Amino acid sequence: MDFMKQYHSNDWIYPDAIHRKLGMEIKDIYGILEMCVDENIVEQYLNVYCPICQRFTGNIYKTALEIPEFVNCVHCDTEIDNPLQHAIIIYKVL
Ligand SMILES: [Zn+2]
């Protein structure tokens, strides 16, 4: 839980970044973050990344239902088909 201390209110937490930084198992990271959701420390969001340029589009959604059919990548102008397939779960510190 120690690594949570480096985050501040309204920070975004990318489980993949923690995985790269700390070498923890991705599923353990999600496990901890899900516990934090239960404790109302963080909130879950979905961030769509571009399958072409591999960057986040900056389109963040609260639920899968909010994700539109198409999202345009602001970086390479690709029209991303079925963005839900390219959504990554991230967390926001409350
Ligand atoms: Zn792109």
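## Helix α2 and the residue after it

In this predicted model, asparagine 40 follows α2 and has a positive phi, near 60°. The helix itself covers residues 26-38, 13 residues in all. From its first C-alpha to its last it reaches 18 Å, close to the 18 Å expected at 1.5 Å a residue.

Ile29, Leu33 and Cys36 are the buried residues of α2. Viewed down the helix axis, these buried residues fall within an arc of 50°, so they line one face of α2. An α-helix has 3.6 residues a turn, so residues three or four places apart point the same way. The face turned away from the buried side carries the exposed residues Lys27, Gly31, Met35 and Asp38. Packing partners of the buried residues of α2 are β1 (12-13), α1 (15-22), β2 (42-49) and β6 (87-93).

## Nonpolar cores

The largest nonpolar core has eight residues: Val48, Tyr49, Cys50, Ile67, Val71, Cys73, Ile80 and Ala87. Another core, of seven residues, lies apart from it and includes Ile13, Ile29, Cys36 and Ile90.

Within the largest core, valine 48 is in contact with Thr57, Asn59, Ile67, Val71, Ile80, Pro83, His86 and Ala87, leaving aside neighbours within four places in sequence.

## Alanine 87

Alanine 87 is in strand β6. It counts as buried because it has 20 C-beta neighbours inside 10 Å, and the cut-off for burial is 20 or more. Not counting residues up to four places away in sequence, alanine 87 touches Leu46, Asn47, Val48 and Ile67.

Alanine 87 and proline 15 are 72 residues apart in sequence, with a C-alpha to C-alpha separation of 13 Å.

Terms used: Residues numbered from 1 in each chain as written. Predicted model: local features only at pLDDT ≥ 70, side-chain atom pairs only at ≥ 80, totals over all residues. Core = buried A, V, L, I, M, F, W, Y, C linked by C-beta atoms within 7 Å. Buried ≥ 20, exposed ≤ 12 C-beta atoms within 10 Å, placed from the backbone. Contact = placed C-beta atoms within 7 Å. Helix = DSSP H or I, 4+ residues; strand = E, 2+ residues; numbered from the N terminus. Expected span 1.5 Å × (residues − 1). Arc of directions from axis to C-beta.
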